[in-house]
Amino acid sequence: MKDFFLTLYHQRMLVTAAILFVIGFAGLLFNWNLIKKIVGLNIMDTAVYLALTSAGYVNGRVAPIMADPKVPATMEQFINPVPTGLVLTGIVVSVSFTAFSLALTVRLYRKYGTLYLDDILFRAKRSVD
Amino acid sequence: MSLWKRLSAWADGEEREQWYSRPKPRREKPRRTGEHRQHEGVFELVKGLNKEQKTRVFNTLYYISCVVVCVVMMSVLTLIMVNLPPFGDPANPTNNELSRYYIEHGLEDAGAINLVGNMILSYRVFDTFGESSVLFLATTSVMMLMLRDSRNTGRDLLRDFRRENTAELEALDHLLRSCSRLLVPMVFTFGVYVIFNGHLSPGGGFAGGSILGGGLILYAQEFGTTGVSRYFTNHLYHIIKVTALAIYGVLLLYYGFMGVNGLANHIWLGIPGTILSSGIIMPINVAVGFEVACTIYAFYSLFHKGEIK
């Protein structure tokens, strides 16, 4: 049991990422307001960024920007640069996705006059009937 | 009636029919036979209740199942995370020969001392081009949804929006105006600095472009709609966006064909560590910066006023 909690402490970044992911997922499940659902999705995105960046971190090394260009860079100086680039991609896609879904939400609000998903579904069904 | 049909009917709002004032015409339901009744299972419990009580029962069941799903998900994810390779260990499988190559050969291949910049704008430049295209597509689709013209907005709504805009112009906040008058020049200068130092320091096109877009939003707060439209019109916006993406694409095609195949090319890598270095990275950073600044301001402008100007 003590080992388990010690491992939890050592993997604290990843465990935080898991908890954040589930918080965002619960936001998706428990809220009927569309804006709150989008906020939940953004929290899930943040959890993925945290997991990726912590996968690239190495103890005692610094960000991969060379202080002196004359000294050749070695693997032992810098952290892993690959996950950082992946996180950049994730951020851009998340921003685009958030803007697009917010625009869709605005259109839905203009048509049905509410942000609550069950009311929107009810009114859409009634207008079809 | 199956469980799935009941759930979907509840999700479609049929169970809440009586909450709304307009009554719905009754539909004839098919009569149940004895065969169906044996398979009802859980629904035997709620058979005698009226609709409001049934809704309450279904709500309770939904929330309980959600809590169960969340708790199971969190425990499974935590168990997976505990069994992953340890945090910050140099011997992790993620620190493989790929990152070693990017770190040790980045300077001689691409010429920037920011090794992440080398990676995203030289080795993996197609990926970053895809990101810029995603931003472009996102602005285009938001524009389709949010532009307020006679084709996608009713006439009365359009008149209301115009009235709101004129009312907003007359009521500009004085505190915000005087503060942003101080801040806007500094924000713009810092954004340009971050873009042009993308190959020397943390930052680059995406970060600097966001700062420039934030500065534009602050400027729009300061001078209102007419202030920005004096120099940033819809026409100029389209020109900048398409030109930046086109410059990026041309540079990418040239470098992707010549540089990757080791052919002789006209890209001068420069002296490492100075501002004129790193080949295509700085022009691409500038193009991406303009693209991102336009995107950020377009999002603000489309959501706020329904047009870009």
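Helices (H or I, at least four residues) and strands (E, at least two) are DSSP runs, numbered from the N terminus. This is a predicted model, where local features need pLDDT of at least 70, side-chain atom pairs count only at pLDDT 80 or more, and totals for chains, interfaces and linings use all residues. Residues are numbered from 1 along each chain as its sequence is written, while chains are lettered from A and ligands numbered from 1 in the order in which they are written.

**Exercise 1.** Work out the fold pattern of chain A and how spread out it is.

*Solution.* Start by counting: chain A has 5 helices and 0 strands. Reading along the sequence then gives α-α-α-α-α. Next, take the radius of gyration (over C-alpha atoms) and the globule rule (2.2 Å times the number of residues to the power 0.38). For the 129 residues of chain A the rule gives 14 Å, but the radius of gyration is 21 Å, well over that, so chain A is more spread out than a compact globule. The C-alpha trace spans about 70 × 45 × 15 Å along its principal axes. Finally, 26% of the 129 residues count as buried (20 or more other C-beta atoms within 10 Å of their own; exposed is 12 or fewer, partly exposed in between; C-beta atoms are placed from the backbone).

**Exercise 2.** Find how H3(A) and H4(A) are oriented.

*Solution.* The axes of H3 (residues 34–56) and H4 (residues 82–112) of chain A come within 9 Å and cross at roughly 175 degrees.

**Exercise 3.** Describe the side of chain B that touches chain A.

*Solution.* Contact needs C-beta atoms, placed from the backbone, within 7 Å. By that test, 48 residues come from chain B and 50 from chain A. On the chain B side, H6(B) gives the largest share, 9 residues. By class, this side has 31 nonpolar, 10 polar and 7 charged residues.

**Exercise 4.** Is Gly117(B) buried or exposed?

*Solution.* Locate Gly117(B) in helix H5 of chain B. Count its C-beta neighbours inside 10 Å: there are 30, so Gly117(B) is buried. Beyond four places in sequence, its contacts include Ala112(B), Gly198(B) and Ile281(B).

Methods: Two residues are in contact if their C-beta atoms, placed from the backbone, lie within 7 Å. Ala, Val, Leu, Ile, Met, Phe, Trp, Tyr, Cys and Pro count as nonpolar, Asp, Glu, Lys and Arg as charged, and the others, Gly among them, as polar. Axes are lines fitted to C-alpha atoms, for helices over the stretch in contact, and angles run from 0 to 180 degrees between N-to-C directions. Angles under 35 degrees count as roughly parallel, over 145 as roughly antiparallel, 65 to 115 as roughly perpendicular and the rest as oblique.
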